[in-house]
Amino acid sequence: MSLTKKQLLAELVCEKPEKLPEKVFGQEAWVKPVSEFQRSRRLASLYGKDGEVSRDAIRKARLYTIVDHLCDQDGNSLFKEADIKDLMELDALKLDVVINCIEKWVQKREGKILGGLKK
């Protein structure tokens, strides 16, 4: 039996939010995967009209990890793109804690999807 379009599309649907395995500042935190549309949009936003990577985009790129992934238990985003300027005013080291937790989740999830954890 071979893979069908219906089976493939069922496997590719964005999953429900997951609780991060570790607490963030002592609180439970929830994250959700990004869609291909969202990922492509973020990649496209890195480039300016001249085709070069925008410096402003580089500064914001880490914060989009928070905006795109952090959500409540029902999958509703905690932040919107309009919140980027406010996030830029926060303590960078504390933001690193949140971003690192999300990145660990992404790596673990990626390992599961690819059939094993990468070392």
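A residue is called buried at under 20% relative accessible area, exposed at over 50%, and partly exposed in between (1.4 Å probe, protein chains only).

The structure is a predicted model, in which local features need pLDDT of at least 70 and side-chain atom pairs count only at pLDDT 80 or more, while totals for chains, interfaces and linings use all residues. Residues are numbered from 1 along each chain as its sequence is written, and side-chain values use heavy atoms, with hydrogens and water left out.

**Cysteines**

With a disulfide defined as a pair of cysteine sulfur atoms within 2.5 Å, a search of the whole structure finds zero disulfides. The cysteine sulfur closest to that of Cys101 belongs to Cys71 and lies 14 Å away, which is too far for a bond. Cys71 is likewise buried, at 3% relative accessibility.

**Sheet**

Helices (H or I, at least four residues) and strands (E, at least two) are DSSP runs numbered from the N terminus; two strands pair if DSSP finds at least two bridges between them. Three strands form an open sheet in the order E1-E2-E3, with antiparallel pairing. Strands E1 (18-19) and E3 (70-71) each have a single partner strand and stand at the edges, so one side of each is left without a neighbour in the sheet. Strand E2 (residues 30-31) runs antiparallel to E3 and is joined to it by two bridges. Within this pairing, Trp30 stands opposite Cys71 of E3.

**Nonpolar core and surface patch**

A nonpolar core is a set of buried Ala, Val, Leu, Ile, Met, Phe, Trp, Tyr and Cys residues joined through side-chain atoms within 4.5 Å. The largest such core has 17 residues, and those with the most contacts inside it are Leu20, Val24, Val31, Ile66, Leu70, Val98 and Ile102. Helix H3 (55-69), H4 and H5 are the elements that give two or more residues to this core. Of these, H5 gives the most, with six residues.

Patches consist of residues with over 30% relative accessible area and no salt bridge, like charges being joined within 9 Å and nonpolar side chains (Val, Leu, Ile, Met, Phe, Trp, Tyr) within 5 Å. Accessible areas come from the Shrake-Rupley method with a 1.4 Å probe, and for residues only the protein chains shown count as cover. A nonpolar surface patch is formed by Leu3, Leu8, Leu9 and Leu12, with about 410 Å² of accessible area together. Leu8 belongs to helix H1 (residues 5-12) and is partly exposed, at 39% relative accessibility.

**Salt bridges**

A salt bridge is a side-chain nitrogen of Lys or Arg within 4 Å of a carboxyl oxygen of Asp or Glu. This rule gives a count of eight salt bridges, among them the following.

| Lys19 | Glu28 | 3.3 Å |

Lys104 is partly exposed at 48% relative accessible area, and Glu22 is partly exposed at 33%.

Arg41 lies in helix H2 (residues 36-45) and Glu81 in the loop between E3 and helix H4 (84-88), so this pair ties together parts that are 40 residues apart in sequence. Salt bridges that share partners join Arg41, Arg42, Asp68 and Glu81 into one network.
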